[in-house]
Amino acid sequence: GHADEVFVLETHPFDSRIMLSAGHDGNIFIWDVTKGTKTKHYFNMIEGQGHGAVFDCKFSPDGQHFACTDSHGHLLIFGFGCSRPYEKIPDQMFFHTDYRPLIRDSNNYVLDEQTQQAPHLMPPPFLVDVDGNPHPTKYQRLVPGRENCADEHLIPQLGYVATSDGEVVEQVIGQQTVDQDEQGLEPSILDGMIRQLQLQQDQRTAAEQEAAPSGPQNGEGTPRRG
């Protein structure tokens, strides 16, 4: 059924007859493997840009939906039910750390260049639009790890700044740019909050290590598990 490379072959979570395939030709097929036939076909056509290659697909645990990502950064959701809940989500959602430079340490491990931390150990990132402007707090709570964050740990989309005339105006809070670094300007609020959260996380980790019970002495007893 495919006319280009296929990197996605997914089995249904519980129905052994059903299988999904998707490829760089933009095609997504649902197969009945017992009959060897295609039961459903979708084509990822992007208006004005041709088709988008499908890079990955996964079924939901209940088998009623599947989600795909494509070469243009789109998330595609197929399944039963109403699409109205998804329409409440902004069209553009990126992590503010998505395009941060990475470095490698002496052991060849990958680190975030700015914080010198392993990316998976950094605090949860903020959701921003394509221009780096943060989304409102209700969307920031959608990030795993931020569900129960206090408001002061979440970024509002707009802030208030004073102009040279002393007038207070509402302004979109953006990310720090390379130009700002070179000019020695004030760092962005996003970066400051990430550093603050990283510091709090490091302090918690150090406190937990100090409070951890020590191992058995003289080889007697069994160490307790945390």
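Visitor: Is F29 buried or exposed?
Guide: F29 counts as buried because its relative accessibility is 4%. Buried means under 20% relative accessible area, exposed over 50%, and partly exposed in between, with a 1.4 Å probe and protein chains only.

Visitor: What kind of values are these?
Guide: This is a predicted model, in which local features need pLDDT of at least 70, side-chain atom pairs count only at pLDDT 80 or more, and totals for chains, interfaces and linings use all residues. Residues are numbered from 1 along each chain as its sequence is written, and side-chain values use heavy atoms, leaving out hydrogens and water.

Visitor: And W31?
Guide: W31 counts as partly exposed, because its relative accessibility is 23%.

Visitor: How many aromatic pairs does the structure hold?
Guide: There are 5 aromatic pairs. One of them, F29 with W31, is tilted, at 5.6 Å centre to centre and 55° between the planes. Rings of Phe, Tyr and Trp (its six-membered ring) pair if their centres lie within 6.5 Å; planes under 30 degrees apart count as stacked, over 60 as edge-to-face and the rest as tilted.

Visitor: Why is the pair of F59 and F66 edge-to-face?
Guide: Their planes stand at 65°, with the centres 6.0 Å apart, so the pair is edge-to-face. F59 is buried at 17% relative accessibility, and F66 is buried at 7%.

Visitor: Which cluster do ring pairs form?
Guide: Ring pairs link Y42, F59, F66 and F78 into a cluster.
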